[in-house]
Amino acid sequence: MQAHPTEILAIRHGETDWNRDGRYQGQLDIGLNATGRAQAQQAAAALAGRELAALYTSDLARAADTAAAIGAALGLPVRREPALREQHFGCFQGHTADEIAQRWPEAAARWQRREPDFGPEGGETRRAFAQRCVAAVEALARAHAGQRIAIVCHGGVLDCLYRAAAGLPLDAPRRWGLENAALSRLSHGPAGLQLLEWGGTAHLGERSRDDQPDLFPAP
């Protein structure tokens, strides 16, 4: 059992053009746009002066490039962790919510219901995805017991961490923010993941769009 809690600074990647267009990215490797690059620098400035034992990132470019800005500001190497990747959305990747509803109405309806064991054709289920990313973050926390680390990842990963820390099921409608380049804090110890602060955007000059909204959010 982990005796000393680990503080986890969790940062969502900066904006991409597909975020702005409301297009599902998943594991397609879409880079930051100009706004996203500026947001990465703003996140780096917000973290400047914090002592971190390690900085981890998803290996997808939009997260890795955000992490590179933070690592440069803090003088820390960036460690890539593929298990921090976004959920694989299978056939949904590259499409907007409207396109998905038109092309795959039955699959879209199951996605709307947030069925934990449903995944778009060729993609991951919500349950498999949550198990993958939460286990990865908990393993990093145990490896740095009693220290502070940072992870740069994706909206879906952060959604899973929030649910795990808050004790919410995978099929509960999402009611919490996941802005691009937002900063959150969690801890991990004997009681598991705990929420400390969520979705801070005071360091950003503008709000950005979410790259993994609920399709057909509950009324």
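Student: What are the ground rules for the numbers?

Tutor: This is a predicted model in which local features need pLDDT of at least 70 and side-chain atom pairs count only at pLDDT 80 or more, while totals for chains, interfaces and linings use all residues. Residues are numbered from 1 along each chain as its sequence is written, and side-chain values use heavy atoms, with hydrogens and water left out.

Student: How many helices and strands does the protein have, and how are they assigned?

Tutor: The protein has 7 helices and 6 strands. Helices (H or I, at least four residues) and strands (E, at least two) are DSSP runs, numbered from the N terminus. In sequence order the pattern is β-α-α-β-α-β-α-α-α-β-α-β-β.

Student: What makes the protein as compact as a globular protein of that length?

Tutor: The radius of gyration is taken over C-alpha atoms, and the globule rule is 2.2 Å times the number of residues to the power 0.38. For 219 residues that rule gives 17 Å, and the protein has 16 Å, which is close, so it is as compact as a globular protein of that length. The C-alpha trace spans about 50 × 40 × 30 Å along its principal axes.

Student: Why is Ser184 called buried?

Tutor: Buried means under 20% relative accessible area, exposed over 50%, and partly exposed in between (1.4 Å probe, protein chains only). Ser184 has 5% relative accessibility, so it counts as buried. Ser184 sits in strand 5 (residues 183–189). Of the 219 residues in the protein, 54% are buried.

Student: Which residues does Ser184 touch?

Tutor: Contact means heavy atoms within 4.5 Å. Not counting residues up to four places away in sequence, Ser184 touches Ile8, Leu9, Ala10, Glu197, Trp198 and Gly199. A polar atom of the Ser184 side chain lies 2.8 Å from the backbone nitrogen of Gly199. A polar contact is a pair of N or O atoms within 3.5 Å; within protein, one must be able to donate a hydrogen and the other to accept it, and residues adjacent in sequence count only if both atoms are side-chain atoms.

Student: Why is Arg50 called partly exposed?

Tutor: Arg50 has a relative accessible area of 35%, and therefore it is partly exposed. Arg50 is in the loop between helix 2 and strand 2. Leaving aside neighbours within four places in sequence, Arg50 is in contact with Leu9, Leu74, Arg148 and Arg185. Arg50 and Leu74 are 24 residues apart in sequence, with their C-alpha atoms 7.7 Å apart.

Student: How do you know that the span of helix 6 agrees with its number of residues?

Tutor: The expected span of a helix is 1.5 Å times one less than its number of residues. Helix 6 (residues 126–143) has 18 residues and should span 26 Å; its end C-alpha atoms are 26 Å apart, so the two agree.

Student: What makes the buried residues of helix 6 line one face?

Tutor: The arc is that of the directions from the helix axis to the C-beta atoms. Down the axis of helix 6, the buried residues fall within an arc of 150°, so they line one face of the helix. Among them are Arg126, Phe129, Cys133 and Leu140. The face turned away from the buried side carries the exposed residues Gln131 and Ala143.

Student: What is called a nonpolar core, and which residues touch the most other members of the largest one?

Tutor: A nonpolar core is a set of buried Ala, Val, Leu, Ile, Met, Phe, Trp, Tyr and Cys residues joined through side-chain atoms within 4.5 Å. The largest has 24 residues, of which Ile8, Ile151 and Leu161 touch the most other members. The largest share of this core, 7 residues, comes from helix 6. Apart from this core lies another, of 18 residues, among them Ala44, Leu52, Ile70 and Ala150.

Student: How do you know that the span of helix 2 agrees, and what caps its N-terminal end?

Tutor: Helix 2 (residues 34–47) has 14 residues and should span 20 Å; its end C-alpha atoms are 20 Å apart, so the span agrees. Asn33 caps the N-terminal end, with a side-chain oxygen 3.1 Å from the backbone nitrogen of Thr35. Just after helix 2, Gly49 takes a positive phi of about 95°.
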